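Dear colleague,

I am passing on to you the structure that follows, together with some notes on what turned up in it. Please read the notes with the coordinates open beside them.

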Amino acid sequence: MKKIIRLTVNGEPVEAAVAQNQTLVQFLREDLGLTGTKHGCGLGDCGACTVILDGKAVNSCLVLAIQANGSEVLTIEGLAENGKLHPLQQAFVDKGAIQCGFCTPGMILSAKALLEEKPNPTELEIRTALSGNLCRCTGYQKIVEAIDDAAKVMSGREES
Amino acid sequence: MLLPNFEYIEPTTLEEALRLLSDMGGNARVIAGGTDLLVRMKLKIEKPSQLISLRKVPGLNQVIKRETHGVSIGPAVTAADLARNEFIRDKFAPLATAAGKLGAPVIRNRATIGGNLVNGRPAADFPPACMVFDAILKLKSATNEREILVGEFFRGPGETIIEPNELLVGIFMETPAPWTGGSYIKLGARKALEISMVNVAVMLTLQEPLGPIVDVKIALGAVAPTPVRAFAAEQYLMGRHPSEKVFSEAGAIGVGMCHPITDHRGTMEYRCLMIETLTSRALNLAYQNALAWKP
Ligand SMILES: Cc1cc2nc3c(=O)[nH]c(=O)nc-3n(C[C@H](O)[C@H](O)[C@H](O)COP(=O)(O)OP(=O)(O)OC[C@H]3O[C@@H](n4cnc5c(N)ncnc54)[C@H](O)[C@@H]3O)c2cc1C
Ligand code: FES
Ligand code: FES
């Protein structure tokens, strides 16, 4: 039996009927068509499905859609404003921190949650924040550098 | 990875949650963070017909400093919240450290202390940290209530004494005496998202800054089917003056009660060596922290 949930996704109110065994990542991708959030392992290991739920980065493959009832969800589609990329997205592009791109949305959302708590993170803090997000392509170095660059831009220490 | 079918229920009071648990019999499961249960359901290891969520049950996700010298931790408090709680970091440091080493940030934001204890995994992070404080677990059913010492809670890999109709509703710990220090060391092949190869928690109390050891507790995870206290090593240390030599002797004694396994994470021999080294290292660290004790 489906149940009705109401939540906010990328600032927009959403009301939908979901199956009780539907995960949040399935709901975002299949029902809302927000395919920026990736479905990798489904078991909490890879972080490709990372979204921000009520201000916290979580694996959306381990959250039921119905558990997000009443919550605020931010996905990669909600970062750009008025057609302008978010500084994190811009830094990933500029630094070449994206290869196949499968890990990128999750990486950027984990990074965003970090920068909200710690606007000027150390390299170790960046690496710790990303420790639940796997990348099979880049070797991580450029990702870490991109986040460091974005942190500087966002805290006004450097011009974009 | 798809989930099997089930009914999801969100009780809004503790009474309702307990009643549901006793009405549903063994077919219902409690869901807290879901980081363990949903994985097991996806892997078809478990197939509950109902999930009873703790999300709307009030009061289960709070850390409360008690009037009378101690702390009460709700079972639904997340690892992330424990890792950053100032009071826990100050007085129950091994618990805060263990919380900060569990999984990765994305896991810690959901994973709860209650789910971790009830899981009963031999390598889990919270059990040793709770054991060095002799935490008391409060279990409640619709008709009954009991308090269990955490050391008596674990029965075997994935097995605890909790009954299907019971809910873990609180975790209580006494604030340690003055001149107490603690430590927690987790050894894994990498720093994150790793099930421990060996984990050690220590709590050590000095009579006075340069005095002898008057209380010490050592708990080890991943070294036997359940987390264990190193009682023999604790006994050896009682009344002795701290020194590197005494601590390494205690480490050697500590290995005695362990029955580690060989698996892809490490061999039995390697684990024994690590138990010895990490126990003495954890004791040293706890001692340094005891010297730095502040009211
Ligand atoms: C990628 C990944 C990495 C992980 N890394 C670690 C790690 O490093 N260290 C570690 O220790 N664990 C780790 N885990 C396991 C898991 O995250 C933890 O054990 C977590 O603390 C479980 O809490 P939860 O709230 O998610 O439990 P849930 O999955 O919600 O529940 C777990 C079990 O406990 C029961 N339960 C939960 N709360 C209660 C309650 N109050 N009363 C009665 N029963 C209850 C449930 O019915 C279920 O059987 C990891 C898991 C994943 C997916
Ligand atoms: S898909 Fe969620 S962690 Fe891999
Ligand atoms: S860019 Fe391919 S997985 Fe990270």
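Contact, as the word is used here, means that heavy atoms lie within 4.5 Å. The model is a predicted one, and in it 31 residues of chain A are in contact with 31 residues of chain B. Between the two chains an area of about 2,400 Å² is buried, to which carbon and sulfur atoms contribute 55%. On the side of chain A, the residues that lose the most area to chain B are A:Asn21, A:Leu62 and A:Gln67, which together make up 25% of what that side buries.

As for polar interactions across this interface, 11 residue pairs are in polar contact between chain A and chain B, counting pairs in which both residues are at pLDDT 80 or more. The side of chain A that touches chain B receives at least two residues from each of β3 (50-53), β4, α3 and α4 of chain A, and β4(A) provides the largest share, with 4 residues. Sorted by class, that side of chain A holds 12 nonpolar, 15 polar and 4 charged residues.

The rule for salt bridges finds 1 across the interface of chain A and chain B, while over all chains the count comes to 22. One salt bridge joins the side chains of A:Glu117 and B:Arg84, at 3.3 Å from N to O. Another salt bridge lies within chain A, where the side chains of A:Arg127 and A:Glu123 meet at 2.8 Å, again taken from N to O. Because A:Arg127 and A:Glu123 are 4 residues apart in helix α4 of chain A, about one helical turn separates them.

I would also point you to the second largest pocket, whose volume is about 1,400 Å³. It is lined by 40 residues, and those closest to its centre are A:Thr128, A:Ala129, B:Gly100, B:Pro105 and B:Arg108. The elements that give two or more residues to this lining are, in chain A, β4 (56-59), α3 (104-117) and α4 (123-129), and, in chain B, α3 (79-84), α5 (93-101), α6 (105-108) and β11 (180-187). By class, the residues of the lining divide into 16 nonpolar, 10 polar and 14 charged.

With kind regards

Conventions:
Residues are numbered from 1 along each chain as its sequence is written. Chains are lettered from A and ligands numbered from 1 in the order in which they are written. This is a predicted model: local features need pLDDT of at least 70, side-chain atom pairs count only at pLDDT 80 or more; totals for chains, interfaces and linings use all residues. Side-chain values use heavy atoms; hydrogens and water are left out. On a 1 Å grid over the protein atoms alone, a cavity is a set of points where a 1.4 Å probe fits but cannot get out, and a pocket is an open set with protein on both sides within 12 Å along at least five of seven lines; lining residues have an atom within 4 Å of a point. Grid points are joined across faces, edges and corners, and a volume is the space filled by probe spheres set on the points. Ala, Val, Leu, Ile, Met, Phe, Trp, Tyr, Cys and Pro count as nonpolar, Asp, Glu, Lys and Arg as charged, and the others, Gly among them, as polar. Buried area is the accessible area (1.4 Å probe) that two parts lose on being put together, summed over both. A salt bridge is a side-chain nitrogen of Lys or Arg within 4 Å of a carboxyl oxygen of Asp or Glu. A polar contact is a pair of N or O atoms within 3.5 Å; within protein, one must be able to donate a hydrogen and the other to accept it, and residues adjacent in sequence count only if both atoms are side-chain atoms.
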